[in-house]
Amino acid sequence: MNGIRVTTNPSAEELEAWGVFRWPVWEKEASEFPWTYDECETCYILEGEVIVTPDGGAPVRIKERDLVVFPAGLSCRWQILRDIRKHYRFG
């Protein structure tokens, strides 16, 4: 188990409860890079598509309208297939 939790197309009520639209926005062009999460990150994908592959684990495809939780300590590789734009929150 990689610990990545994906909720596809969460309801407007869920997003409001999380406060998603008050979080900062991060954008990145199509690219590939390693990443390690020092702390838990929750994000909501506004645009784009990415494959996140945990070290030693199975790839996870993440796309527009996915709410994703990455656990602290996760090391992975990001492969951005289509330019990504997301709201995010650490902690």
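Modeller: Happy to! Let me begin with a cysteine: Cys76 is buried, with a relative accessible area of 3%. Here buried means under 20% relative accessible area, exposed means over 50%, and partly exposed lies in between, using a 1.4 Å probe and protein chains only. This is a predicted model, in which local features need pLDDT of at least 70 and side-chain atom pairs count only at pLDDT 80 or more, while totals for chains, interfaces and linings use all residues. Residues are numbered from 1 along each chain as its sequence is written, and side-chain values use heavy atoms, leaving out hydrogens and water.

The sulfur of Cys76 has its closest cysteine sulfur in Cys43, 11 Å away, which is too far for a bond. Cys40 also has Cys43 as the residue with the closest cysteine sulfur, at 9.9 Å and again too far for a bond. Across the whole structure, the search finds zero disulfides, a disulfide being a pair of cysteine sulfur atoms within 2.5 Å.

Helices (H or I, at least four residues) and strands (E, at least two) are DSSP runs, numbered from the N terminus. Of the 14 residues of E4, eleven are buried, so this strand is largely enclosed by the rest of the structure.

Which strands pair with E4? E7 pairs with E4 in the antiparallel sense over twelve bridges, where pairing requires at least two DSSP bridges between two strands. Within that pairing, Ile51 stands opposite Gln79 in E7. E6 is antiparallel to E4 too, over four bridges, and Phe70 in E6 is the bridge partner of Glu41. E5 also pairs with E4 in the antiparallel sense, over four bridges, with Val52 opposite Val60 in E5. Five residues lie between the strands in the hairpin of E4 and E5, and there Gly56 takes a positive phi near 75°.

Glu41 does something else worth a look: its side chain meets that of Lys86 in a salt bridge, at 2.7 Å from N to O. By salt bridge I mean a side-chain nitrogen of Lys or Arg within 4 Å of a carboxyl oxygen of Asp or Glu. Because Glu41 lies in strand E4 and Lys86 in strand E7, the pair ties together parts that are 45 residues apart in sequence. Glu41 is buried at 3% relative accessibility, and Lys86 is buried at 4%. Theirs is one of eight salt bridges in the structure.

Trp78 touches Val50, Ile51, Val52, Phe70 and Lys86, among others, not counting residues up to four places away in sequence; touching means heavy atoms within 4.5 Å.
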